[in-house]
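Q: I am new to this structure. Can you take me through its features one at a time?

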Amino acid sequence: MMNDKTRKEKDLESLEKIIKLSSELQEALARYNARHSEMDALYNMDNIVAQVWVIARNIRNRIEDT
């Protein structure tokens with residue numbers, strides 16, 4: 001039982017880090033894209049990162065609810 005709790009805590013820590021890093025990456029992408037033309041910008045990458053954020057948050061919430 002203690003091992004499950006430890007795994008759960010580790011999973012939650014990892015997910016929190018993923019959420020934080022994906023948020024920071026979204027901001028960096030937005031700043032980069034604002035300075036570049038369409039050809040040089042990383043358009044749609046922010047959508048991919050946003051999906052990572054949403055999925056990680058949803059998994060975290062599901063784990064917290066169990």
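Q: Which residues is leucine 12 in contact with, leaving aside its neighbours within four places in sequence?
A: This is a predicted model, so read each contact as part of a prediction. Leucine 12 is in contact with Arg60, Ile63 and Glu64, once neighbours within four places in sequence are set aside.

Q: Which residues form the largest nonpolar core?
A: Start with the general idea. In soluble globular proteins, nonpolar side chains tend to be buried together. Here the largest nonpolar core has five residues: Leu12, Leu15, Ile19, Ala56 and Ile63. Two elements, H1 and H2, each give two or more residues to this core. The largest share, three residues, comes from H1.

Q: Where is tryptophan 53 found, and what does it touch?
A: Tryptophan 53 is found in helix H2. Not counting residues up to four places away in sequence, tryptophan 53 touches Ile19, Ser22, Ser23 and Gln26. Look at Ile19 in particular. The C-alpha atoms of tryptophan 53 and isoleucine 19 are separated by 5.2 Å, yet the two residues are 34 residues apart along the chain.

Q: How many salt bridges does a search of the whole structure find?
A: The general idea is simple. Side chains of opposite charge can pair when their charged atoms come close. A search of the whole structure finds two salt bridges. In one of them, the side chains of arginine 60 and glutamate 16 meet at 3.0 Å, N to O. That pair links distant parts of the chain: arginine 60 is in helix H2, glutamate 16 is in helix H1, and they are 44 residues apart.

Q: Where do lysine 20 and glutamate 24 lie?
A: Both lie in helix H1, four residues apart, about one turn of the helix. Glutamate 24 is partly exposed, with a relative accessible area of 37%.

Q: What lies 2.6 Å from the backbone nitrogen of leucine 42?
A: A polar atom of the side chain of asparagine 33 lies there. The place of asparagine 33 is in helix H1. Leaving aside its neighbours within four places in sequence, asparagine 33 is in contact with Ala41, Leu42 and Tyr43.

Q: Is asparagine 33 buried or exposed?
A: Asparagine 33 is buried, because its relative accessible area is 6% and buried means under 20%.

Q: Which residues form a nonpolar patch on the surface?
A: Ile18, Leu42, Met45, Ile48 and Val52 form it. Together they have about 400 Å² of accessible area. Helix H2, residues 45-65, gives the most to the nonpolar patch, with three residues. Isoleucine 18 is found in helix H1, residues 2-34.

Terms used: Residues numbered from 1 in each chain as written. Predicted model: local features only at pLDDT ≥ 70, side-chain atom pairs only at ≥ 80, totals over all residues. Heavy atoms only, no water. Patch = residues over 30% accessible without salt bridge, like charges linked within 9 Å, V, L, I, M, F, W, Y side chains within 5 Å. Areas by Shrake-Rupley, 256 points an atom, 1.4 Å probe, with all protein chains shown as cover. Salt bridge = Lys/Arg side-chain N within 4 Å of Asp/Glu carboxyl O. Buried < 20%, exposed > 50% of the residue type's maximum accessible area, 1.4 Å probe, protein only. Polar contact = N/O pair within 3.5 Å; in protein donor to acceptor, adjacent residues only side chain to side chain. Contact = heavy atoms within 4.5 Å. Core = buried A, V, L, I, M, F, W, Y, C linked by side-chain atoms within 4.5 Å.
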